[in-house]
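Here are a few notes to go with your first look at this one. Keep the viewer open while you read, and take the points in order.

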Amino acid sequence: MAKRFFDLFDNDEGDEVTGTLNGKRVIVTGALGGIGIEVIKKLNELGARIYALDLLPAKQGESILLENNVKNARYFEIDIKKEDQIQQFIAKVDADLPESCVALAGIVRSGNLVEQNSDDIRAVIETNLTSQILLTQHLLKAWIQQSIQGNIVYVSSWVDSVPWPGITSYTSSKAGLVALCRGVARENAKYGIRANLIAPGIVDVGMAAKQWRDEPDYKKRASRAIPLGRLQKPEEVASGIAFLLSDAALYMTGSRLLMDGGASLYPLDPEDVE
Ligand SMILES: NC(=O)c1ccc[n+]([C@@H]2O[C@H](COP(=O)([O-])OP(=O)(O)OC[C@H]3O[C@@H](n4cnc5c(N)ncnc54)[C@H](O)[C@@H]3O)[C@@H](O)[C@H]2O)c1
């Protein structure tokens, strides 16, 4: 008999975990990024089995999981821009197809639209929107074929509905993700398949964290733009995602969970963002 995918997990420690995600199987794209690592750590802590997807080669990806003590996970080197890689991944895990997916992989290219080159614009739309649509389509086909009541969590941003200057191609891609989420929810509710979206604020990772730490001017501007006056911890984004994956969110579909420290509560003064 063919070996089921879960037989390939050689570490069963996760079985002893009793958490709100116990028994759930979750695909996480962009799993090795600043937010991704905190997401997989949280999901692991709550008992989920994680299929971690990212761009790094397998060996590197696996050692990052180990370093972060994420035991109940498998790593897959997948470029979500490559449709054939998505299809091969789904075929590979077909016997234990996860019922949940966190579509977290994303990129940003900064610059006002008039100054941006078309390669950057295309890369942002392709990664943040086109790839998400195709990944969704392939998952939906597999879920419907296997009668799995799947659950997708998209990761947008508070700027999906706030025109923060200098990232218009990014904000366009994230606004598209909101439409994707609602369309998927509407079309597939009849199969019991759900789709929701989380819109985080400015998260304390990568560029923003560095600028907050090293550039007093950035810190002044950003804290004026965030009513709660601080950057968002990646663990807080992870908690929001864990909630949307949990049974506490079973009656939610097509929803946008805004977690932005109040950043979108009022229009920004030009001096806050220039
Ligand atoms: N950092 C923030 O302030 C913030 C705020 C709101 C929303 N977000 C969103 O959260 C998500 C994660 O952001 P982050 O700050 O952790 O960024 P990050 O750059 O640290 O992580 C993104 C991860 O996605 C992976 N990735 C990129 N392109 C890929 C592809 N084609 N295939 C597979 N993996 C790919 C990268 O390798 C990386 O590990 C993004 O969608 C981003 O738009 C971030």
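Predicted model: local features only at pLDDT ≥ 70, side-chain atom pairs only at ≥ 80, totals over all residues.

1. **The chain as a whole.** Now zoom out. You'll find 9 helices and 7 strands in the protein chain. Its radius of gyration is 19 Å, close to the 19 Å that the globule rule gives for 274 residues, so the chain is as compact as a globular protein of that length. If you want the outline in numbers, the C-alpha trace spans about 65 × 35 × 35 Å along its principal axes.

2. **How to talk about helix pairs.** The next points are all about helices that pack on each other. Two packed helices are described by the angle between their axes and the distance between the axes.

3. **H1 with H8.** Go back to H1, which covers residues 34–45, and find helix H8, residues 234–245. Their axes come within 8 Å and cross at roughly 50°. H1 and H8 are therefore oblique to each other, and H1 passes H8 in a right-handed crossing. On the H1 side, the contact uses Gly34, Ile35, Glu38, Val39, Lys42 and Leu43. Facing them in H8 are Pro234, Glu235, Val237, Ala238, Ser239, Ile241 and Ala242. By class, this contact of H1 with H8 comes to 8 nonpolar, 2 polar and 3 charged residues.

4. **H4 with H5.** Next, pick out helix H4 (residues 118–145) and helix H5 (residues 168–188), whose axes are 8 Å apart and whose packing angle is about 15°. That angle makes H4 roughly parallel to H5, and the crossing of H4 and H5 is right-handed. Residues of H4 in the contact include Ile121, Val124, Ile125 and Leu129. Those of H5 include Tyr170, Leu177, Leu180 and Val184. The contact of H4 with H5 has 10 nonpolar, 7 polar and 1 charged residues.

5. **H3 with H4.** H4 has another partner to look at: helix H3 (residues 83–92) packs with H4 at an angle of about 25°, with their axes 10 Å apart. H3 and H4 are therefore roughly parallel to each other, and H3 passes H4 in a right-handed crossing. Glu83, Ile86, Gln87 and Ile90 of H3 make the contact with Leu134, Leu135, His138, Leu139 and Ala142 of H4. Split by class, the residues where H3 meets H4 are 6 nonpolar, 2 polar and 1 charged.

Definitions and conventions. Residues numbered from 1 in each chain as written. Axes fitted to C-alpha atoms, helices over the stretch in contact; angles between N-to-C directions. Helix = DSSP H or I, 4+ residues; strand = E, 2+ residues; numbered from the N terminus. Parallel < 35°, antiparallel > 145°, perpendicular 65-115°, else oblique. Left-handed = near helix turned anticlockwise from the far one by under 90°. Contact = placed C-beta atoms within 7 Å. Nonpolar A, V, L, I, M, F, W, Y, C, P; charged D, E, K, R; others polar. Rg over C-alpha atoms; globule rule 2.2 N^0.38 Å.
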